[in-house]
Amino acid sequence: MAEHDREPLLGRETQLAALRARDRVPVLIVGGGINGISTFRELALQGIPAIIVEQGDWCQAASGALSRMIHGGLRYLETGEFGLVKESVTERDRLLLNAPHYVAPLRTTVPIDSWGGGLVNAGKRFLRLGEKPARRGALIIKTGLTLYDLYTRQSGTMPRHQLNGLGATRRRWPGFAPWIRCSATYYDAWITAPERLGVELLEDSRRANPQALALNYLSVEGTDGVQLTLRDALSQETFTLRPHIVVNATGAWVDALNGMLAPERAGQKMIGGTKGSHLIVRSPELLRMLGDEMVYYENHEGRVCIMFPWFGNVLVGSTDIRIDDPDEAVCDEAEKRYILESLNFVFPSLRVGEDDVLYTFSGVRPLPASDAALNGRISRNHSLALLPPVNGREFATLCLIGGKWTTFRAFGEQAADRVLHLLGEKRQVGTQHLAIGGGRDYPAAEQYATWLRQLTVQSGLPSTRVAQLAARYGTRAEAIIAAIGRRPDRPLRHHADYSENEIAYLIHHEQAVMPEDVLVRRTRIAISGEATLARVTELATLMARELGWSDDLLAQNIALTCSRLASRHGLANLTSTADTEETRYADHP
């Protein structure tokens, strides 16, 4: 445990002190989404003292609004993006090995309405002769899944797909709509805690290279062409840095940052993002129907949608809507109705309505600028764009364009290699087989129970509590259990699944500085529909104690958190109903 007893690697005050002492830096990464974090990790592992800053919290925007799928992108085969699918499947299988505490296989069923439908339209889309969406028949889907299996066999051991006739489909899915004539089954993967994985990547990076700094709530205010001015959103303190290279990893805000740093790029668009919204719904009947599977389906328009179990509820999505201002990305009422109608299109006997929606989330996919008539036709691939120094701007800017969550490691590797080349440095360490955070030394399935028993004996905690912490944090649970035992602990009054010392660990070791950071990104409290007013208040009060907030600041943060949960996630009616809820320790996926 000695390794974990050190000062928190992501502690803000220590890193801010180090930032004050910096002037020239080789690389400044702006944007704390998954691709920026991945680039930071790659560079830190090569010994580069890079700095990454994020104006909000880590993985706060699109990187926290994904569909929770780690997948190869089956539908991209239809548009001929074979390289992207192959890369995605390869990275999916690497994540299954490198992050087994958060990434797991997901059995997936595709409902189909015909055997030969959609052949003509599919051919037109493949040849770029048509944009119109159309439903895909079994022959098209089987062709795609056969290619999918081929890529999978090259990089992993996922089971092959199956095509199921009407009888087999009805036996497994009696609630399917009458239009469904057959189905296909294959495997992809899902991620239980994407935002937490981002934080663990940062911690791993800092552990490997303490000279590399990672600071959230630090924004770029401007530049004189030589230095960049940064501002701490919490203290309003400003910092100046003179970078050799700026990595613009701001996703949907790439053009906005370019306009600030490189005025000669004003009006030149690199990003044409689309909004994707999702719902978390409470429907015990739908949950029972799904079991442990995902349904990957086409709605009445032919748009691909998903639904799968999400810790006692169901995740349903998504939309694909052009948006000009990424700051305005929220799930609106029209999207909510659209997603629910799509759900009922597959399961018409269910009555899932707006009152069953517990939580909404929305993000802007940072897609490359495109004039495609159909949003689904815009490539999900990633690319790099270099803005070399010009008269009046000494630093180069490397822009990260596009990218899927699944391929973050490969994209970060490519971006880092470009930066290393510009710096005249060479790669020393690869990350293809490098475990992440709590996935390091993760026990195999047959050894998992033995590991839990050992932790239980060592810690003296109840076995249910140890199992809960292990499910949340993987092998990092060992450090958290040790921290919990250093001082008297007690469960939160309004959410006994968490304890005061557990939350304190997240605050001090994971750079959580606002209640929303904990509720939305360090835990699953909000996305599970459990963010009551009582819980928000208790959590904020605990943070005030740990971070030294005044009473006025505590009240402001409670009000701000409730407002943001209402406007961003549809939680308009926070109520203190937690007092009557029972303690639960069943926290496994």
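In this predicted model, pLDDT, the predictor's confidence in each residue on a scale from 0 to 100, stays under 50 over residues 123–130, although the model has 17 contacts beyond four places in sequence for this stretch, a contact being heavy atoms within 4.5 Å. Over residues 575–589 pLDDT likewise stays under 50, and here the model has 37 contacts beyond four places in sequence. Where pLDDT is low, the predicted coordinates should not be read in detail. For the protein as a whole the mean pLDDT is 89, and 91% of the residues reach 70 or more. Because the model is predicted, local features need pLDDT of at least 70 and side-chain atom pairs count only at pLDDT 80 or more, whereas totals for chains, interfaces and linings use all residues. Residues are numbered from 1 along each chain as its sequence is written, and side-chain values use heavy atoms, with hydrogens and water left out.

A disulfide is a covalent bond between the sulfur atoms of two cysteines. With a disulfide taken as a pair of cysteine sulfur atoms within 2.5 Å, the count comes to zero. The sulfur of C305 is too far for a bond, because the closest cysteine sulfur, in C331, lies 13 Å away. The sulfur of C399 is also too far for a bond, since 20 Å separate it from the closest cysteine sulfur, in C59. C305 is buried, with a relative accessible area of 2%, and C399 is buried at 0% (buried means under 20% relative accessible area, exposed over 50%, and partly exposed in between, with a 1.4 Å probe and protein chains only).

At 23% relative accessibility L287 counts as partly exposed. Apart from neighbours within four places in sequence, L287 is in contact with P309, G312, N313 and V314. L287 and D232, by comparison, are 55 residues apart in sequence and 44 Å apart in space, C-alpha to C-alpha.
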